[in-house]
Amino acid sequence: MSRTALLLDGRPSVDQPVNLFSFGEAEMRWLCWLYGYRLQGFKQFSDRFGSARVRAVPDPDPRAAVRADWMRRPDLRPGVPSPVPWGPPQPGGPVVWTPPGWPPGVGPVRPAPDRMPLPSEAEIAARHNPRALLGLGIALGVAALALAWSLPVPGGILAVLAASCLLGVRPYTRYRDRLLARAAERRPLYPEGGTTVSPPGPPPAPRAGEHSDREETR
């Protein structure tokens, strides 16, 4: 993620291939949010090779600029409010990613899975279009009928493909509708009042028995 974060340096647009071996589309949207960008395009080339092309532009929201400036020059002094929750790894929590320029061992807190950024309704509608699948099924069906007598084997293959497309329209539509419902109910990335996380305090003092044992070994 660090190499990708370096691309989000305030330039007017980003249109670059990125490696996705350690993160996916949801993390890419979160990364853009952290650095004041909006993800406009995400086209994955290959699951096997973990690569995708990303298009992003700066977010015009003034809060995005404040957040991006803090991410690039974080003020991690105790008690100083921050636009993004941050801290060390928590027991049982996810691995903390340390952004470029940050001290080792700390980083922004990753949102809960049900709070990770989602595509907009327009993006979902454009990416998941059941009508396109329906049109493909009809076209394949027409081609299968045209070849039914002259080339029955290719015609039969096209008929099977056409049936698969047509049978997939309804479940594909339900899947698209579930994505749209999730996007409509999007929640803030972090709970209200959870935008400031105190840095870790000093390590606990040794217990009396441990202290005396160390003294005896000197």
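Apart from neighbours within four places in sequence, Leu 7 is in contact (heavy atoms within 4.5 Å) with Val 14, Gln 16 and Val 18. The model is predicted, with local features needing pLDDT of at least 70, side-chain atom pairs counted only at pLDDT 80 or more, and totals for chains, interfaces and linings using all residues. Residues are numbered from 1 along each chain as its sequence is written, and side-chain values use heavy atoms, leaving out hydrogens and water. Leu 7 belongs to helix H1 (residues 2–7); helices (H or I, at least four residues) and strands (E, at least two) are DSSP runs numbered from the N terminus. The C-alpha atoms of Leu 7 and Val 18 lie 9.8 Å apart, with a sequence separation of 11 residues.

Helix H5 (residues 130–147) and helix H6 (residues 152–184) have axes that come within 8 Å and cross at roughly 165°. Axes are lines fitted to C-alpha atoms, for helices over the stretch in contact, and angles run from 0 to 180 degrees between N-to-C directions. H5 and H6 are therefore roughly antiparallel (over 145 degrees) to each other.

The largest pocket holds about 980 Å³ of space, the volume being that filled by probe spheres set on grid points joined across faces, edges and corners. A pocket is an open set of points on a 1 Å grid over the protein atoms alone, where a 1.4 Å probe fits, with protein on both sides within 12 Å along at least five of seven lines; lining residues have an atom within 4 Å of a point. Of the 35 lining residues, Trp 33, Pro 117, Arg 186, Arg 187 and Leu 189 are the closest to the pocket centre.

Notes: Parallel < 35°, antiparallel > 145°, perpendicular 65-115°, else oblique.
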